[in-house]
Amino acid sequence: MLGKFFKKPDGDMGGRVPPGQALTTRFPVLTYGPTPRIEPNNVEIRVWGLAEETRFTWDDLMAMPQTTHTYDIHCVTHWSKFDTAWTGVTVPELMKRVTLKPGATHVMIHSYGGYTTNLSLEDFVRDLNLLAHTFDGAPLETDHGGPMRLVVPHLYFWKSAKWISGLEFMPHDEPGFWERNGYHLRGDPFKEERYDDD
Ligand SMILES: Nc1nc2c(c(=O)[nH]1)N[C@H]1C(S)=C(S)[C@@H](COP(=O)(O)O)O[C@H]1N2
Ligand SMILES: [Mo]
């Protein structure tokens, strides 16, 4: 009841803005290295490591149930953006079609162009995580990871690999690209897990 009439006075918008973050209405592009340009029909997500090897083509992915989620995103470079709307295949939906082998605990996400980022299976297989091809109702722009990117909204945005190309299941955690270059292995924005000495 009170929430209807009072705004929290401390500037974190009722707990939605993680510590050290500022809100933006823009959508900055953050890409390390060149931007790969892949035609949708050439998008494939390859699965290997501690899982039965398989590939999902663009048509396979489009034939799966499609979900739209709206949520906030948080970049380690201190911007947060509210109410971003993404459409795609949820990770649990994709994982119904993946057979893990015993001992798989983590996944390395691979992207066209060579970018990688690591996640525990607990952080990866969540209903809110999407393999997204649409942003705000329009095809995802190439700069933002089109034709398809991962979106993992509960962790800093570097975990949301653009131009996703593969899932490598692993028996332990291992740092991906930014994690090898000083970023935190997990990256929870509400715990300010920015760098590996945090
Ligand atoms: N393949 C790939 N994915 C990536 C990156 C990248 O350089 N290459 N940058 C990451 C970082 S650091 C951030 S903050 C977000 C930025 O996404 P945006 O450019 O759509 O804002 O993408 C993440 N995913
Ligand atoms: Mo980032």
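# Briefing on a predicted model: strands, backbone and pocket

Strand 2 and strand 3 form a hairpin in which four residues lie between the two strands, where strands (E, at least two residues) and helices (H or I, at least four) are DSSP runs numbered from the N terminus. This is a predicted model, in which local features need pLDDT of at least 70 and side-chain atom pairs count only at pLDDT 80 or more, while totals for chains, interfaces and linings use all residues. Residues are numbered from 1 along each chain as its sequence is written, chains are lettered from A and ligands numbered from 1 in the order in which they are written, and side-chain values use heavy atoms, with hydrogens and water left out.

**The open sheet**

- Strand 2 (residues 44-49) pairs with strand 3 in the antiparallel sense over four bridges, two strands being counted as paired if DSSP finds at least two bridges between them.
- Within this pairing, E44 stands opposite T57 of strand 3.
- An open sheet of five strands, with mixed pairing, has the order 3-2-11-6-7.
- Its edge strands are strand 3 (54-57) and strand 7 (116-120), each of which pairs on one side only.
- From one strand to the next the twist averages 20 degrees, with axes taken as lines fitted to C-alpha atoms (for helices, over the stretch in contact) and angles running from 0 to 180 degrees between N-to-C directions.
- Strand 6 (residues 106-111) runs antiparallel to strand 7 and is joined to it by five bridges, and the bridge partner of H106 in strand 7 is S120.

**Strand 8 and its partners**

- Strand 8 is mostly covered, six of its six residues being buried; buried means under 20% relative accessible area, exposed means over 50%, and partly exposed lies in between (1.4 Å probe, protein chains only).
- Strand 5 pairs with strand 8 in the antiparallel sense over five bridges, and V89 has L131 as its bridge partner in strand 8.
- Strand 8 also pairs with strand 10, again in the antiparallel sense, over three bridges, and here L130 has V151 as its bridge partner in strand 10.
- Two bridges join strand 8 to strand 9, the two running antiparallel, and the bridge partner of T134 in strand 9 is P139.
- The hairpin of strand 8 and strand 9 has two residues between the strands, and in this hairpin D136 takes a positive phi near 50 degrees.

**Backbone geometry**

- Most residues other than glycine have a negative phi, and most peptide bonds are trans.
- D136, which is found in the loop between strand 8 (130-135) and strand 9, is exposed, with a relative accessible area of 52%.
- D83 has a positive phi near 55 degrees in a residue other than glycine; D83 is found in strand 5 (residues 79-90) and counts as partly exposed, at 46% relative accessibility.
- The peptide bond from G146 to P147 is cis, with omega near 10 degrees, and P147 is found in the loop between strand 9 (138-139) and strand 10 (149-151).

- V76, placed in the loop between strand 4 (67-74) and strand 5, is buried, with a relative accessible area of 3%.
- Leaving aside its neighbours within four places in sequence, V76 is in contact (heavy atoms within 4.5 Å) with Y156, W158, Y183 and R194.
- V76 and L131 are 55 residues apart in sequence and 21 Å apart in space, taken from C-alpha to C-alpha.
- T90, whose place is in strand 5, is buried, with a relative accessible area of 11%.
- Residues up to four places away in sequence not being counted, T90 touches T67, H69, D127, N129 and L130.

**The largest pocket**

- About 460 Å³ of space lies in the largest pocket; grid points are joined across faces, edges and corners, and a volume is the space filled by probe spheres set on the points.
- On a 1 Å grid over the protein atoms alone, a pocket is an open set of points where a 1.4 Å probe fits, with protein on both sides within 12 Å along at least five of seven lines, and lining residues have an atom within 4 Å of a point.
- The largest pocket is lined by 27 residues, of which L30, T31, Y32, Y115 and W178 lie nearest its centre.
- The lining of the largest pocket divides into 18 nonpolar, seven polar and two charged residues, where Ala, Val, Leu, Ile, Met, Phe, Trp, Tyr, Cys and Pro count as nonpolar, Asp, Glu, Lys and Arg as charged, and the others, Gly among them, as polar.
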